[in-house]
Amino acid sequence: MSGGEDRDGGRRDGLSCLVTGATGYLGGRLVPELLAAGHRVRCLARSPGRLRDHPWTGRVEVVRGDVTDAESVGAAMHGVDVAYYLVHALGAGGDFEQADRSAARIFGEQARSAGVRRVVYLGGLTPAGVPEQELSPHLRSRAEVGRILLGSGVPTTVLRAAVIIGSGSASFEMLRYLTERLPVMVTPRWVRTRIQPIAVRDVLRVLVGSARMPPDVNRAFDIGGPEVLTYREMMRRYAAVAGLPRRVILPVPVLTPGLSSLWIGLVTPVPPSIARPLAESLRHEVVCHERDITRYVPDPPGHPVGFDEAVHLALRRIRDAEVTTRWSSASVPGAPSDPLPTDPDWAGGSLYTDHRELAVNAPPDALWRVIEGIGGDNGWYSFPLAWAVRGWLDRLVGGVGLRRGRRDAARLRVGDSLDFWRVEEIQPGRLLRLRAEMRLPGLAWLEMRCETAEEGRSRYRQRALFHPRGFLGHAYWWAISPWHAVVFGGMARNIGRTAARTAGPGRAAAPRLGSRGTAS
């Protein structure tokens with residue numbers, strides 16, 4: 001890749017940009033904005049396959065790597081003018097501060113070695129006058145990452161934002177579900193904290209504009225929208241824009257950040273592991289103390305977008321099923337990432353399977369629509385109570401639960417989160433493979449296939465796989481095996497019936513051809 005100015009000072013159109021975090025919420029939206037601005041883009045991803053189905057994939061270069069691996073970062077930096085650092089450890093357990101620190105140092109060192117001309121980092125807005133040791137661990141880590149990159153020897157732009165308002169962002173989903181589901185709510189005292197929210201389109205605009213800052217600029221900038229609001233005002237304003245009755249909000253002083261995160265996890269799809277750092281960041285006032293960014297990235301007419309308009313735009317995208325990325329697009333820390341083991345010659349140990357097969361009196365396209373539409377509001381086609389209980393149990397032990405829903409009501413792509421699954425593979429019209437992200441003593445997949453049969457019919461094949469981890473894994477499989485006929489068998493039958501019903505009157509699923517559970 002090459003772009004920007006030639007090494008001898010000549011000018012070329014566009015810059016060469018490296019984007020980390022392209023599988024996440026902001027990175028996945030930044031890439032098409034950079035392309036639209038005439039830049040060339042390379043994406044660094046641990047799992048490049050997760051970018052395969054994005055509409056812009058064919059216009060970018062995707063390389064495999066990890067920000068914690070100096071060699072892969074260095075290779076990805078070759079020929080790059082601007083490197084975007086959009087990864088962080090939100091929701092991660094363990095010593096995430098050390099992981100953030102190490103990754104930032106690697107990124108800065110490799111950028112300097114490769115001759116990168118600018119690093120752009122999006123961090124969190126920190127409160128003025130608050131000692132760093134009093135900040136939440138995640139906000140403190142964000143601030144440290146910014147300092148490391150500013151001291152890397154590469155001109156760096158650190159953008160500091162508070163709450164980002166946009167369809168699919170974790171902050172917006174938290175606000176949306178709290179407001180919509182609770183007409184009367186007892187809330188933590190941080191709902192009275194003053195916040196300066198910013199629309200996601202303004203964040204993207206500033207990220208793109210920062211690529212062309214002069215080489216002598218090496219500093220942090222506060223970025224925010226035009227209004228300063230309390231969280232309580234944000235909930236009431238959201239309700240007004242959404243056409244909901246006025247909300248009754250009763251702050252109480254007894255809800256700690258830990259209890260707040262459990263409360264948020266109970267009401268919204270955002271799991272406590274992500275809700276806690278979001279809630280902790282609201283303990284202190286987060287308001288912009290300067291607007292210097294406009295000297296380098298001027299506001300066009302109509303910007304920055306106001307809060308009400310940002311909510312309106314986000315709700316319209318949700319209503320029109322045009323949410324391009326969501327907070328859950330990023331991998332869940334601690335969730336399994338191993339691909340389905342190749343079988344039958346996989347030699348990794350026990351692999352339990354549950355097979356279901358069904359002849360369906362419907363054409364393959366009708367069956368495929370049902371398969372691709374599974375999950376979210378459509379449910380899982382069997383024993384809803386069992387699925388709901390499994391989701392609640394997962395949330396009780398810190399998992400994501402069943403309420404992440406879908407990015408799009410009808411279409412899936414590799415990398416999409418789907419309740420407590422993630423799309424590992426999709427071959428339109430043929431195969432959907434999901435990898436479990438719920439808390440399990442092992443690894444699990446659910447595979448659904450659509451095949452063409454005679455006389456305009458189709459055949460449905462379903463396979464659940466589980467790779468146990470230790471004795472508990474084996475015990476877990478055998479404990480739930482008696483329920484497979486109800487859950488997986490009912491799922492297969494109901495998928496077939498739904499496909500037949502939607503294909504036209506008089507059609508029905510044929511008798512079940514067979515099922516079996518095996519261990520290999």
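A: Happy to. Let's begin with a salt bridge: the side chains of R52 and E425 meet in one, at 2.8 Å from N to O. The term covers a side-chain nitrogen of Lys or Arg within 4 Å of a carboxyl oxygen of Asp or Glu.

Q: Which parts does the pair R52 and E425 tie together?
A: R52 lies in the loop between β2 (40–45) and β3 (61–64), while E425 is in strand β16, so the bridge connects parts 373 residues apart in sequence. Strands here are DSSP E runs of at least two residues and helices are H or I runs of at least four, both numbered from the N terminus.

Q: Before we go on, where do the coordinates come from, and what got counted?
A: This is a predicted model; local features need pLDDT of at least 70 and side-chain atom pairs count only at pLDDT 80 or more, whereas totals for chains, interfaces and linings use all residues. Residues are numbered from 1 along each chain as its sequence is written, and side-chain values use heavy atoms, leaving out hydrogens and water.

Q: Thanks. Is E425 buried or exposed?
A: E425 counts as buried, at 17% relative accessibility. R52 is partly exposed at 37%. The cut-offs are under 20% relative accessible area for buried, over 50% for exposed and partly exposed in between, with a 1.4 Å probe and protein chains only.

Q: How many salt bridges does the structure hold?
A: There are 32. Another joins E447 and R463, with the closest N and O atoms 3.0 Å apart. E447 lies in strand β18 and R463 in strand β19, so that pair ties together parts 16 residues apart in sequence. E447 is buried at 3%, and R463 is buried too, at 14%.

Q: What network are E447 and R463 linked in?
A: A network of salt bridges that also takes in R422, E424, R433, R435, E437 and R449.

Q: Switching to the nonpolar side: which residues touch the most other members of the largest core?
A: W380, L432, M448 and I495, in a core of 41 residues. A nonpolar core means buried Ala, Val, Leu, Ile, Met, Phe, Trp, Tyr and Cys residues joined through side-chain atoms within 4.5 Å. Helix α14 (484–503) is among the elements that supply at least two residues, and α14 gives the most, with 6.

Q: What does I495 touch?
A: Leaving aside residues up to four places away in sequence, I495 touches L367, V370, I371, I374, Y381, M448, Y460 and Q462. Contact here means heavy atoms within 4.5 Å.
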